[in-house]
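Hi,

Here is the structure I promised to pass on. Could you have a look at it alongside my notes below?

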Amino acid sequence: GKGGVHSLYCVSRANVKRFKEWSSVWQAQELDPGNGAIWTLAFNPTGEFLAAGTDDGYILVWANECERRGDAIADPGRQDKIFPLNLFGEEPVWSVRGHGAGGKDARVITVRWHPNADLRQLLSTGMDGHVCLWILEAEGELPIRVAAIAHRDVVTSAIFTLAPDLFITGSWGGELEVWEYNAERGRAIIRSAQRLPQNITALSLSPNGELLCVGNIVGSVQFRDAQSDDLRYMTTIDCKNKAGKFARGMKVTGFSWKRDSSCVFVSTADSRIRMIDTADFGSDMPKSKGHNDGNTMLHASLDPSEGLLVSGCVSGCVFGWNTVDPLGEGARSWKKGGRKRTNDCWESFRAFANNEVVTAVAVAPEPLCSNAFSAVERRRLLLRRLAEVTAPPGQPAGGAAGSFQQGAARQAPASALAGGVGAQNGERE
């Protein structure tokens, strides 16, 4: 962060829980996006690429170098340490100005990868009202912008469907549109369009491709049939409190699905995360709280094990909730009020120094997590061999350099995270 170097080791704190699951959290790597603050992050499905959108209109993509580099993580300059790991290359493999032409607001709102990693397609939306479809070619070559669609209002969200050429957009003006990219004509063609009564703030497609979630400014979520040509309306669920200052509803900021599409976690700007069961559409909506999203577009994501829910916070922290056993070891049940359940048993750690605001958090997919943990184990074995060679007579092997970090590696966190940061003055180093 600006003004100082953040410690590699992050001290976590917990609320209510009997023990910490984040007992050892380490910063694996820090990537420099330049002068622009990051506003959105997205891993591709395999963890091969990490995309970021900045407030100066740039789309940045870093490549995962674990596979090609093998054990090159063992940097000769720091052979006595496990961290940092350098999972991604220090420089982006792609960096292109995608939004903000003509003096318009350049901020990139969302970046989304196609669920089929082989296609290497990326969608981006910006405050300039444009939706851009990118195809990423060979590394070192700039991505090709095959379509740029202008809208009258800001496009707040764009997502791919499971079909290779279809994507859906939602705008601040309430326009919900389905587009098809026609490679022969070299442009996107609209297939269906409808105007909803409320401003659209977030879109999400279930992993099985059957349900479309549409979030709006007043905290309501529409469920639609994603397999119908006109996105047939099914039902609406209100994600708002029955009483208090948030009873009128706050905007939906994002969604995170379980892999079997059985439920979806809905993040709203009242700093609540509600779980909706798609079998009965919300007859019982457990919610998680404890963070403060500051009325931003921060939203929670499930980790690959689906046992941890992670979200950023304007205080510069990352929060996590255990969705299976919130308190640990079944110490006591969740707070209950009627049929409602509230999980306020959280853990958190400070992601950046100097109270910088966390603007985006992304949870790495399983392949990248596996690569990271394999790298930690390789590094730990290397340190053990070095200790056996360099240990003075009479000193146990492994008791010298790196012993503390070896112990930390045994307690490696269960998830890998990427976080975006915006300094208080809007700059980033």
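The largest nonpolar core has 21 residues, and those with the most contacts inside it are Leu41, Phe43, Leu50, Trp62, Leu87, Phe88 and Ala418. (By core I mean a set of buried Ala, Val, Leu, Ile, Met, Phe, Trp, Tyr and Cys residues joined through side-chain atoms within 4.5 Å; buried is under 20% relative accessible area, exposed over 50%, partly exposed in between, with a 1.4 Å probe and protein chains only.) Two or more residues each come from β4 (38–43), β5 (49–54), β6 (58–63), β30 (357–363) and α2 (366–390), with α2 giving the largest share, 5 residues. Another core, of 15 residues, lies apart from it and includes Ala51, Val96, Trp113 and Cys132.

A word on the source: this is a predicted model, where local features need pLDDT of at least 70 and side-chain atom pairs pLDDT 80 or more, while totals for chains, interfaces and linings use all residues. Numbering starts from 1 along each chain as its sequence is written, and side-chain values use heavy atoms, leaving out hydrogens and water.

Then there's an open, antiparallel sheet of 4 strands, in the order β12-β13-β14-β15. (Strands are DSSP runs of E, at least two residues, and helices of H or I, at least four, numbered from the N terminus; two strands pair if DSSP finds at least two bridges between them.) β12 (155–160) and β15 (187–195) have a single partner strand each, so one side of each lacks a neighbour in the sheet. β14 (175–182) is joined to β15 by 8 bridges, and Glu175 sits opposite Arg195.

As for cysteines, there are 0 disulfides (sulfur pairs within 2.5 Å) in the structure. For Cys213, the nearest cysteine sulfur is that of Cys239, 9.1 Å away. Cys213 counts as buried because its relative accessibility is 0%.

Cheers
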